[in-house]
Amino acid sequence: MSLLTRGAVLCFVALVSCAKPVGENCDLNSDCLKGTCQDGTCVRECADSELDCPIGYVCSDLGRCEYGGGAGGSTTATTSNGGPSTTNTTTDTTSTTTDTTTTTTSSTTNSSSTGAGMGLADLTLCGADADCDSNTCRAMTPNGQKRCTHGCTANAQCPSGLRCEGPSTASSVCVFSDVGRPCSGTGQCNFACLSPVNYCVSQCTTGADCPNGYGCMLAAGEKVCIKLEADCAADTSQCVVPAACDNSASLVVSSCTIACNTAADCPQRAAGLPAWTCDGLCRRPSDVYGPLPGGYAPAQWACNASANVVNVCNDGLHIDFASFTQPNAPSVSCASPSTTDGLGGDACLDSCRYQGACANGFACAAVAELTPGQRIGLCMPRGGGEVGASCTSNGNCVFGLCDTNQCSRDCTKDGVCPEGSTCTAVAGAFAEGLPYKTCQ
């Protein structure tokens, strides 16, 4: 077993008074006395300004990184790179809540997380450092497109779907999550390549830091995101721990899993869906019958122990990505020893949370309502369309969101939009307790 080094191959046999302290359950940021509400728990963003917050930010008394050291609960509008906006705040007249919009145009941006000049906003395509307001232009994945970004010391300092990674701690920047990206050696991942299963991994503290379908497990002295979305019925080679092949009677298809201390080590579905549990091994919820990853097509179907026709997708969800509809189940013979293909464009679908985001090739966007008033994130395929480009489906767009035939980005969690677009509140259901916003 080799030691883990960055970029190397990892070998592994609104102001509301509240009373809830850090560690307590929550639904909204306003439920927390300190910090923010992350995946149902009050968590401090920071304790030390220099160590935990970007340059130009100060850790407030409320445990939040805030620009210039303002008191907790500031309502100052921010630009995509975190600095104060020179534009006036506006009121969203289509929503029942009042919010500020966030401008990202270079003509109204006068600072960044690094305090540099008047270049392009974060997430905007760039060619050189000088193009960016942060003076930092980096490839979002090895040999991939370059975008404006900024230096960081923790994932919490990055926009949703990005990770704080780099060749060394001193040079870490916010880049796309490439967890699950196929790899075979050094320099092919933002953090490290996991051998012999050959996919990129990212550091984690709990499963909440990983895409849905990935758990957080210790490997070579580092806790990293481990893929559990794998079939081990006939071949356990895709299980990082080959012995951890779950053959529970509730499953239709045997599925990889990992050892756990608590359910926090296990994959995290969108808020409101039944959760994984831990009994020494991570166990799938009762509505999940198999391991097929999001994007697997065609989705596969079979009969469960009750002779009901079910899909064997790892999150229990399926969709036709192109039409954004849910196909009917196919006709299935319960006596068949094999699964049955889904109809038409049917494919497996993963839900997501902003913190863990999605695996490589997908972006988390709150495009569905679980219940009235509650949006959930779904992992939509990434395409090539930049924000503002014409589109006919979410999969046409870089950030996995096609909004009224124009590519957009879900900026609910971070307020970040590429140059020339604005993070604007959308009327209707909230996402993870926050007003839903998109780049327009």
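Colleague: So what lies over the face of F399?

Modeller: That's R409, at 5.7 Å from the ring centre. Keep in mind that this is a predicted model.

Colleague: And which residue lies over the face of F176?

Modeller: R382 does, and there the distance to the ring centre is 4.3 Å.

Colleague: How many aromatic pairs does the structure hold?

Modeller: Three. One of them is F176 with F399: the ring centres are 6.3 Å apart and the planes sit at 90 degrees, so that pair is edge-to-face.

Colleague: Where do F176 and F399 lie in the chain?

Modeller: F176 is in strand 10 (residues 173-176), while F399 is in the loop between strand 26 (374-381) and strand 27 (401-403). The pair therefore ties together parts that are 223 residues apart in sequence.

Colleague: Are F176 and F399 buried or exposed?

Modeller: Both F176 and F399 are buried.

Colleague: OK, what about Y199 and Y214?

Modeller: Those two make an edge-to-face aromatic pair as well, 6.3 Å centre to centre with 85 degrees between the planes.

Colleague: Why do you call Y199 buried?

Modeller: Because its relative accessible area is 4%, and the cut-off for buried is under 20%. Y214 is buried too, with a relative accessible area of 2%.

Colleague: Switching topic: which residues have the most contacts inside the largest nonpolar core?

Modeller: That core has 24 residues, and the ones with the most contacts inside it are L194, Y199, V201, Y214, I226, V240 and C282.

Colleague: Last thing, confidence. What's the mean pLDDT?

Modeller: It's 81 for the protein, with 72% of the residues at 70 or more.

Colleague: And where is the pLDDT under 50?

Modeller: Residues 1-19 stay under 50, and the model has 64 contacts for them beyond four places in sequence. Residues 67-117 are also below 50, with 125 contacts beyond near neighbours in sequence.

Technical notes: Residues numbered from 1 in each chain as written. Predicted model: local features only at pLDDT ≥ 70, side-chain atom pairs only at ≥ 80, totals over all residues. Heavy atoms only, no water. pLDDT = per-residue confidence, 0-100. Contact = heavy atoms within 4.5 Å. Phe/Tyr/Trp six-rings, centres within 6.5 Å; stacked < 30°, edge-to-face > 60°. Helix = DSSP H or I, 4+ residues; strand = E, 2+ residues; numbered from the N terminus. Buried < 20%, exposed > 50% of the residue type's maximum accessible area, 1.4 Å probe, protein only. Lys NZ or Arg CZ within 6 Å of the ring centre and 35° of its normal. Core = buried A, V, L, I, M, F, W, Y, C linked by side-chain atoms within 4.5 Å.
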